[in-house]
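Let's take a quick look at how this protein is put together, starting from the inside. Keep the picture open while you read.

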Amino acid sequence: ATQPYDDTNVFARILRGELPCRRVYEDEHALAFHDINPQAPTHILVIPKGRYVSWDDFSAQASDAAIAGFIRAVGLVAREQGLVAPGYRLLANVGQHGHQEVPHLHVHLFGGRPLGPMLA
Ligand code: 5GP
């Protein structure tokens with residue numbers, strides 16, 4: 001585990017409806033919304049609804065149903081956004097070296113332009 005979950009993080013506030021977001025998808029397991037500072041023409045964040053800091057505690061502690069639901073939601077959003085044929089990129093930053101800024105697990109979904117070999 002990285003750190004205890006902090007209920008005041010910005011994505012927890014979005015999940016509670018305390019802060020707005022440009023929502024693109026929601027189901028019982030996941031919420032997807034546009035990144036406030038997009039790095040590509042399509043830049044969507046997909047987050048699980050449970051209280052998980054990162055990929056680390058999510059993969060270790062979440063139920064199989066929560067993990068499956070989250071991964072299915074990421075794929076569904078990519079298809080709904082028309083990203084599959086041109087291609088896209090998934091990214092999850094974890095912890096300090098991963099430059100994770102918001103301590104609620106999120107997968108970045110980038111697309112809409114050729115992305116190059118890697119994001120630095
Ligand atoms: P990280 O570095 O933690 O992987 O990425 C956090 C992402 O969350 C950044 O791309 C940042 O632009 C985005 N972000 C931070 N605060 C907000 C917010 O209040 N709303 C939205 N939609 N995105 C946010």
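The largest nonpolar core has 20 residues, and Ala30, Ala32, Ile44, Val46, Val77 and Leu109 touch the most other members. A nonpolar core here is a set of buried Ala, Val, Leu, Ile, Met, Phe, Trp, Tyr and Cys residues joined through C-beta atoms within 7 Å. Strands S2 (30-34), S3 and S5 (107-111) and helix H3 (64-80) each give two or more residues to this core. Helices (H or I, at least four residues) and strands (E, at least two) are DSSP runs, numbered from the N terminus.

All of this comes from a predicted model, where local features need pLDDT of at least 70, side-chain atom pairs count only at pLDDT 80 or more, and totals for chains, interfaces and linings use all residues. Residues are numbered from 1 along each chain as its sequence is written.

**Zooming in on Val46**
- Val46 sits in strand S3 (residues 42-48).
- Val46 counts as buried because it has 25 C-beta neighbours inside 10 Å; the cut-offs are 20 or more other C-beta atoms within 10 Å for buried, 12 or fewer for exposed, and partly exposed in between, with C-beta atoms placed from the backbone.
- His106 is 60 residues from Val46 in sequence, yet their C-alpha atoms are 5.5 Å apart in space.

**The whole chain**
- The protein chain has three helices and five strands, in the order α-β-β-β-α-α-β-β along the sequence.
- Buried residues make up 24% of its 120 residues.
- Its C-alpha atoms fill a box of roughly 35 × 30 × 30 Å along the principal axes.
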